[in-house]
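Please look through the chain shown below.

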Amino acid sequence: MKTKSLLATATYVSLLLAQQAMYCRRLTRRDLRILIGTLTDHVDLNRHLSLMKVRSDPTCPLCQDEEDTALHLLMYSALL
Ligand SMILES: [Zn+2]
């Protein structure tokens, strides 16, 4: 029974990944770069720029409360 459930889960996950891959293949090069940059936090936000030694302060300029990351921008700063 457990094997059947595991197989169903694996099939579901592989279908999801295939759908995401098809979605990504339809993106323009620019949009794919933005998506990957956002997912990996390699975007022009203060945390990444401070790691790159471009800026000295990794703090969010909107709330001055947390590091300026893609997740923070999407989840918290949008509420401001
Ligand atoms: Zn913030």
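**Contacts and layout of the chain**

Leaving out residues up to four places away in sequence, His72 touches Cys60, Glu66, Glu67 and Ser77; two residues are in contact if their C-beta atoms, placed from the backbone, lie within 7 Å. His72 itself is part of helix H4. Because it has 21 C-beta neighbours inside 10 Å, His72 counts as buried; the cut-offs are 20 or more other C-beta atoms within 10 Å for buried, 12 or fewer for exposed, and partly exposed in between, again with C-beta atoms placed from the backbone. Between the C-alpha atoms of His72 and Ile36, which are 36 residues apart along the chain, the separation is 16 Å.

The model is a predicted one, in which local features need pLDDT of at least 70, side-chain atom pairs count only at pLDDT 80 or more, and totals for chains, interfaces and linings use all residues. Residues are numbered from 1 along each chain as its sequence is written. The predictor's confidence in each residue, pLDDT, runs from 0 to 100. Over the chain it averages 90, and 94% of the residues score at least 70. Confidence is lowest in helix H1 (residues 2–26), with a mean of 87, and highest in H3, at 96.

What does the secondary structure of the chain come to? There are four helices and zero strands, where helices (H or I, at least four residues) and strands (E, at least two) are DSSP runs numbered from the N terminus. The order of elements from the N terminus is α-α-α-α. The radius of gyration of the chain is 18 Å, well over the 12 Å that the globule rule gives for 80 residues, so the chain is more spread out than a compact globule. That radius is taken over C-alpha atoms, and the rule is 2.2 Å times the number of residues to the power 0.38. Along the principal axes, the C-alpha atoms fill a box of roughly 55 × 30 × 25 Å. Of the 80 residues, 10% count as buried. Among contacts between residues at least 6 apart in sequence, 16% join residues at least 24 apart.

Helix H2 (residues 29–40) has twelve residues and spans 16 Å from its first C-alpha to its last, close to the 16 Å expected at 1.5 Å a residue; the expected span is 1.5 Å times one less than the number of residues. After H2 comes Asp41, with a positive phi near 65°.

Leu45 lies in the loop between H2 and H3. Is Leu45 buried or exposed? Leu45 counts as buried because it has 23 C-beta neighbours inside 10 Å. Apart from neighbours within four places in sequence, its contacts are Asp68, Thr69, Ala70 and Leu73.

The loop between helix H3 (46–51) and helix H4 (70–75) contains Lys53. Lys53 is not a glycine, yet has a positive phi of about 65°. With 7 C-beta neighbours inside 10 Å, Lys53 counts as exposed. Gln64 is also found in the loop between H3 and H4. Its phi is positive as well, at about 55°, although Gln64 is not a glycine. Gln64 is exposed, with 9 other C-beta atoms within 10 Å.
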